[in-house]
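Subject: Structure for your review

Hello,

Here is the structure for you to look at. My notes on what was found follow below it.

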Amino acid sequence: MASTIPHLREERLRDIVIPIISDGTIALIIDLVRKAFLLKSKRKRLIRGIDLIMEKEFQF
């Protein structure tokens with residue numbers, strides 16, 4: 001079974017709409033991504049702490 005992959009031609013590239021994001025929206029996205037990474041790090045620390053407690057309590 002064969003499939004075809006459409007090629008991007010210059011005339012097709014001209015039809016692609018690229019949205020312009022405002023500086024405020026960019027700043028909001030950056031802030032949300034930073035907060036997400038901080039929360040991810042916090043989650044990892046909490047899980048590590050729980051693992052240590054479980055190992056201590058159940059002597060793994």
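Helices here are DSSP runs of H or I of at least four residues, numbered from the N terminus. Under that rule, Thr25 falls in helix H2. Please keep in mind throughout that this is a predicted model.

Overall shape

The chain contains two helices and zero strands. Helix H2 covers residues 23–58. Along the principal axes, the C-alpha atoms occupy a box of roughly 65 × 45 × 10 Å. The radius of gyration of the chain is 24 Å, whereas a compact globule of 60 residues would come out near 10 Å.

Burial and surface

How much of the chain is made up of buried residues? The figure is 0% of the 60 residues. The accessible surface amounts to about 6500 Å², and carbon and sulfur atoms account for 64% of that. Thr25 is partly exposed because its relative accessibility, 36%, lies between the 20% and 50% limits.

A nonpolar patch sits on the surface, formed by Ile21, Ile26, Ile29, Ile30, Val33 and Phe37. Together these residues have about 520 Å² of accessible area.

Charges

The side chains of the chain include 12 positive and 8 negative ones, and the centres of the two sets are 5 Å apart. Side chains of opposite charge can pair when their charged atoms come close. How many salt bridges does the structure hold? There are two.

- Arg14 and Glu10: their side chains meet at 2.6 Å, N to O. Arg14 and Glu10 are both exposed.
- Lys35 and Asp31: their side chains meet at 3.3 Å, N to O. Both residues belong to helix H2 and are four residues apart, about one turn of the helix. Lys35 is partly exposed because its relative accessibility is 46%. Asp31, with a relative accessible area of 34%, is likewise partly exposed.

Is Arg48 buried or exposed? Arg48 has a relative accessible area of 53%, so this residue is exposed.

Positions towards the end of helix H2

Helix H2 also holds Lys56. Lys56 counts as exposed because its relative accessibility is 66%. From Lys56 to Arg45 the separation is eleven residues in sequence and 17 Å in space, C-alpha to C-alpha. For Arg48 and Phe58, the corresponding values are ten residues and 15 Å, again C-alpha to C-alpha.

In short

The predicted model has two helices and zero strands, with buried residues at 0%.

Regards

Conventions. Residues numbered from 1 in each chain as written. Predicted model: local features only at pLDDT ≥ 70, side-chain atom pairs only at ≥ 80, totals over all residues. Heavy atoms only, no water. Patch = residues over 30% accessible without salt bridge, like charges linked within 9 Å, V, L, I, M, F, W, Y side chains within 5 Å. Areas by Shrake-Rupley, 256 points an atom, 1.4 Å probe, with all protein chains shown as cover. Salt bridge = Lys/Arg side-chain N within 4 Å of Asp/Glu carboxyl O. Buried < 20%, exposed > 50% of the residue type's maximum accessible area, 1.4 Å probe, protein only. Rg over C-alpha atoms; globule rule 2.2 N^0.38 Å. Lys, Arg positive; Asp, Glu negative; His and termini not counted. Charge placed at Lys NZ, Arg CZ, Asp CG, Glu CD.
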